[in-house]
Amino acid sequence: HEQARTLEDVLSRRTRALILDAQAAIEAAPAVASLLARELNQDAAWAESQVREFVKLAKGYLLPK
């Protein structure tokens, strides 16, 4: 019941990557989503959806330029 089930869970809560470096978390998202999909027996469409949702969230953590 404690397994990470979403990309957001892994990159924001489990590793704190989103809080530490939002841009790096965005860059890592596709690779992490692919690994997570394989572990959870999900397909590529699921991984792509996870990345889209995570990037949408993560953009709010980026510093304005």
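**Exercise 1. Against which helices do the buried residues of α1 pack?**

Before we start, note that this is a predicted model, where local features need pLDDT of at least 70 and side-chain atom pairs count only at pLDDT 80 or more, while totals for chains, interfaces and linings use all residues. Residues are numbered from 1 along each chain as its sequence is written, and side-chain values use heavy atoms, with hydrogens and water left out.

*Step 1.* Find the helix: helices here are DSSP runs of H or I with at least four residues, numbered from the N terminus, and α1 covers residues 7-14.

*Step 2.* List what is buried, meaning under 20% relative accessible area with a 1.4 Å probe and protein chains only. In α1 the buried residues are Leu7, Asp9, Val10, Leu11 and Ser12.

*Step 3.* Look for their partners, with contact meaning heavy atoms within 4.5 Å. The buried residues of α1 pack against α2 (17-20), α3 and α4.

**Exercise 2. Describe how α1 packs on α3.**

*Step 1.* Take the geometry. Axes are lines fitted to C-alpha atoms over the stretch in contact, and angles run from 0 to 180 degrees between N-to-C directions. For α1 and α3 (residues 22-39), the angle is about 125 degrees and the axes are 9 Å apart.

*Step 2.* Classify the angle. That value makes α1 oblique to α3; under 35 degrees counts as roughly parallel, over 145 as roughly antiparallel, 65 to 115 as roughly perpendicular, and the rest as oblique.

*Step 3.* The α1 and α3 crossing is right-handed, which is the case when the near helix is turned clockwise from the far one by less than a right angle.

*Step 4.* Name the residues. From α1 come Leu7, Val10 and Leu11, and they meet Ala25, Ala29, Val32, Ala33 and Leu36 of α3. By class, this contact has 8 nonpolar, no polar and no charged residues. Here Ala, Val, Leu, Ile, Met, Phe, Trp, Tyr, Cys and Pro are nonpolar, Asp, Glu, Lys and Arg are charged, and the others, Gly among them, are polar.

**Exercise 3. Is Ser12 buried or exposed, and what surrounds Ser12?**

*Step 1.* Ser12 belongs to α1 and counts as buried because its relative accessibility is 7%.

*Step 2.* Its side chain reaches the backbone oxygen of Glu8 at 2.5 Å.

*Step 3.* Setting aside neighbours within four places in sequence, Ser12 touches Leu18 and Ile19.

Note on methods: Helix = DSSP H or I, 4+ residues; strand = E, 2+ residues; numbered from the N terminus. Buried < 20%, exposed > 50% of the residue type's maximum accessible area, 1.4 Å probe, protein only. Polar contact = N/O pair within 3.5 Å; in protein donor to acceptor, adjacent residues only side chain to side chain.
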